[in-house]
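This report covers salt bridges, strand pairing and helix packing in one predicted model. The sequence and structure follow.

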Amino acid sequence: MTDFSPVAASVAPLPGHDDRWRQTHLGRLMGSALRRFDARVLQLMARNVEVPLALSNLAARDQVTAAHVHITRHLALQGDRLTDLAQRAGMTKQAMANLVDQCEAWGLVTRQPDPLDARARRVCFTPTGLAWLQAFRDSVAQAEAEFRAEVGNDVATVVAIGLEAYAGGDTET
């Protein structure tokens with residue numbers, strides 16, 4: 001019988017067992033890179049003079065998180081139903097509804113009747129939301145430029161091509 005108690009867990013790993021792979025595997029590196037990239041984008045947005053002051057202050061105080069960026073990344077310019085937006089962002093409808101509620105309170109989005117279905121509503125950018133989207137675009141461009149400067153243009157190009165191929169690949173097993 002295996003002992004999973006805290007005492008047993010504190011025992012040193014088997015001799016010769018290399019545990020470093022847990023810190024350096026591709027998934028962990030991609031996750032860390034994404035968190036760093038998103039944090040830099042939000043930092044740049046907080047400093048962007050084109051962002052409405054109230055939103056800039058929210059970003060500066062870490063009230064706007066990478067989760068809120070899902071709306072910025074995934075909401076179509078013509079608007080989307082909440083379920084479509086959540087699916088594209090890889091989130092539950094309930095989690096996306098909470099983010100939309102916050103973004104609506106901040107004046108980034110609004111819910112409007114869906115012209116194709118009277119029962120449905122569409123989430124759409126407001127003019128303030130479109131200014132936020134432009135600031136997001138500018139910040140992403142700057143963060144990408146900083147990434148290229150840090151790792152070199154050739155490496156950045158290979159990383160981008162590799163990630164594009166991997167992200168577009170079939171994830172079904």
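Arg119 and Asp117 form a salt bridge through their side chains, at 3.2 Å from N to O; the term requires a side-chain nitrogen of Lys or Arg within 4 Å of a carboxyl oxygen of Asp or Glu. Arg119 is exposed, with a relative accessible area of 76%, whereas Asp117 counts as buried at 15%. Buried here means under 20% relative accessible area, exposed over 50%, and partly exposed in between (1.4 Å probe, protein chains only).

The model is predicted, so local features need pLDDT of at least 70 and side-chain atom pairs count only at pLDDT 80 or more, while totals for chains, interfaces and linings use all residues. Residues are numbered from 1 along each chain as its sequence is written, and side-chain values use heavy atoms, with hydrogens and water left out.

A network of salt bridges links Arg81, Asp114, Asp117, Arg119 and Arg122. A search of the whole structure finds 10 salt bridges.

| Pair | N to O distance | Exposure |
|---|---|---|
| Glu150 and Arg36 | 2.8 Å | both exposed |

The pair of Glu150 and Arg36 links distant parts of the chain: Glu150 lies in helix α8 and Arg36 in helix α3 (residues 26–47), 114 residues apart. Helices (H or I, at least four residues) and strands (E, at least two) are DSSP runs, numbered from the N terminus.

Three strands form an open sheet in the order β1-β3-β2, with antiparallel pairing. β1 (80–81) and β2 (109–114) are the edge strands, each pairing on one side only. Two strands pair if DSSP finds at least two bridges between them. β1 and β3 (residues 117–125) are antiparallel over two bridges, and Arg81 has Arg122 as its bridge partner in β3. β2 and β3 are antiparallel over six bridges, with Asp117 in β3 as the bridge partner of Asp114. A hairpin of two residues joins β2 to β3.

Two helix pairs can be described in like terms. Axes are lines fitted to C-alpha atoms, for helices over the stretch in contact, and angles run from 0 to 180 degrees between N-to-C directions. Angles under 35 degrees count as roughly parallel, over 145 as roughly antiparallel, 65 to 115 as roughly perpendicular and the rest as oblique. Contact means heavy atoms within 4.5 Å.

The axes of α8 (residues 127–151) and α9 (residues 153–168) come within 6 Å and cross at roughly 120 degrees, which means that α8 is oblique to α9. Phe147, Arg148 and Val151 in α8 meet Asn153, Val155, Ala156, Thr157 and Val159 in α9. By class, this contact has five nonpolar, two polar and one charged residues. Ala, Val, Leu, Ile, Met, Phe, Trp, Tyr, Cys and Pro count as nonpolar, Asp, Glu, Lys and Arg as charged, and the others, Gly among them, as polar.

For α6 (residues 82–89) and α7 (residues 93–105), the axes come within 9 Å and cross at roughly 105 degrees, so α6 is roughly perpendicular to α7. Leu82, Thr83, Leu85, Ala86 and Ala89 in α6 meet Lys93, Met96, Ala97 and Val100 in α7. The residues of this contact divide into seven nonpolar, one polar and one charged.
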